[in-house]
Amino acid sequence: MMSIQPVSVNTTFVRPSTFYINGFSNIAHAKYYYIFLCLVYTTTVLGNSFIMCTICLARSLHTAKYIAVFNLAVTDLGGSTALIPKLIDTFLFEHYYISYEACLANMFFVFFFLTLQSLTLLALAYDRAVAICFPLRYHAIVTKTAMALIIGCMWVFTTALVAPTVALITRLSFCRSTVVNSYFCDHGPIYVLACNDNSLNIIMAYVGVVTILCIPLILIGISYTCIAFALLRIAQGTGRIKAMKTCTSHLILVAMFYLPLLFINIAAVVSRLDPDARIINYSLTQTIPSMLNPIIYTVKTEEVRQSIRGLYKRAMVNKTVDKNMKSTADK
């Protein structure tokens, strides 16, 4: 079917020059799906760029919480950029072969931003838990410096987790097939092709699932349990509703990110999930939340809406002033 073009070969080790990405090859009318992904990517770029510009320009959003929201927008943009353009190039333009080095780079950046997205949602859960459980001490605990430090530690931790995971691929020998049954250079579908011992890669795959999915989801669950108990102590119904509204956006983001991943992994364990269905579901799970996150924050968060209105009014005032000054100068 596809020939192996080794860069480095001896009696025990084969490193191919390319991999063949085979993810959407068996899906009928897939080109319509690629066009849909182009629209998703365009909306993701515009939406996340808009929310980042809004946070930068609106002084009222220069708070600890919006440092984390800004980081979420960066990771959404980075994750989509690492995945969708290459996916479109591979399948829409039929460039199925990818070099060994480019494949490892693609794997690194996709999982790097996926991990950061998960950890950023955890940081936002921490922010909401402190805001509702300790409202009088919130500004003393969750400072801009503290949140920047948390975000910085997340980037360092993610690099320390993903870099070795990808680097361990280089110790694998691919003496049989180099056909990757996924829509990008996915870690699991690549290490299963190895001819030599891949036990370390399997361990790192489990570590990745626990780090990206299980631990953050458990800690977010604990955060919202604490929030629920704190809300029960609020005597006034209006105060309780107001506090709950501050969590709405985050809860929607958590549900969009974790639930599809959770259901797909559970379905794959308890029953035989069709490979094409798995590929479509995983690709949607990795792309749709990044598109919807800035829309949800714009629509559901009063602070963001007020900041956008304020920026618009300021722009209109500046435009009127400039127009008047120009008219005066012409006279």
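Visitor: Before we look at any residue, what does contact mean here?

Guide: Contact means that heavy atoms lie within 4.5 Å. Please keep in mind as we go that this is a predicted model.

Visitor: With which residues is Arg128 in contact, once its neighbours within four places in sequence are left aside?

Guide: Leaving those neighbours aside, Arg128 is in contact with Lys65, Tyr138, Tyr224, Ile227, Thr246 and Cys247. Arg128 itself belongs to helix α3, which covers residues 100–133.

Visitor: Is Arg128 buried or exposed?

Guide: The general idea is that a residue counts as buried when its relative accessible area is under 20%. For Arg128 the relative accessible area is 9%, so this residue is buried.

Visitor: How should I read a salt bridge, and how many does the structure hold?

Guide: You look for a side-chain nitrogen of Lys or Arg within 4 Å of a carboxyl oxygen of Asp or Glu, and the structure holds five salt bridges. One of them joins the side chains of Lys86 and Asp89, with 3.5 Å from N to O.

Visitor: Where do Lys86 and Asp89 sit relative to one another?

Guide: Both are in helix α2, and because they are three residues apart there, about one helical turn separates them. Lys86 is partly exposed, with a relative accessible area of 28%, and Asp89 is also partly exposed, at 26%.

Visitor: Which residues are linked in a network of salt bridges?

Guide: The network links Glu302, Arg305 and Arg309. The side chains of Arg305 and Glu302 meet at 2.3 Å, N to O, while those of Glu302 and Arg309 meet at 3.3 Å, N to O. Arg305 and Glu302 are three residues apart in helix α10 (residues 302–330), which means that they are separated by about one helical turn.

Visitor: Finally, what should I notice about the phi of Glu94?

Guide: The general idea is that most residues other than glycine have a negative phi. Glu94 has a phi near 60 degrees, which is a positive value in a residue other than glycine.

Visitor: Where does Glu94 lie, and is this residue buried or exposed?

Guide: Glu94 lies in the loop between α2 (64–91) and β4 (97–99). Its relative accessibility is 51%, so Glu94 counts as exposed, given that the cut-off for exposed is over 50%.

Note on methods. Residues are numbered from 1 along each chain as its sequence is written. This is a predicted model: local features need pLDDT of at least 70, side-chain atom pairs count only at pLDDT 80 or more; totals for chains, interfaces and linings use all residues. Side-chain values use heavy atoms; hydrogens and water are left out. Helices (H or I, at least four residues) and strands (E, at least two) are DSSP runs, numbered from the N terminus. Buried means under 20% relative accessible area, exposed over 50%, partly exposed in between (1.4 Å probe, protein chains only).
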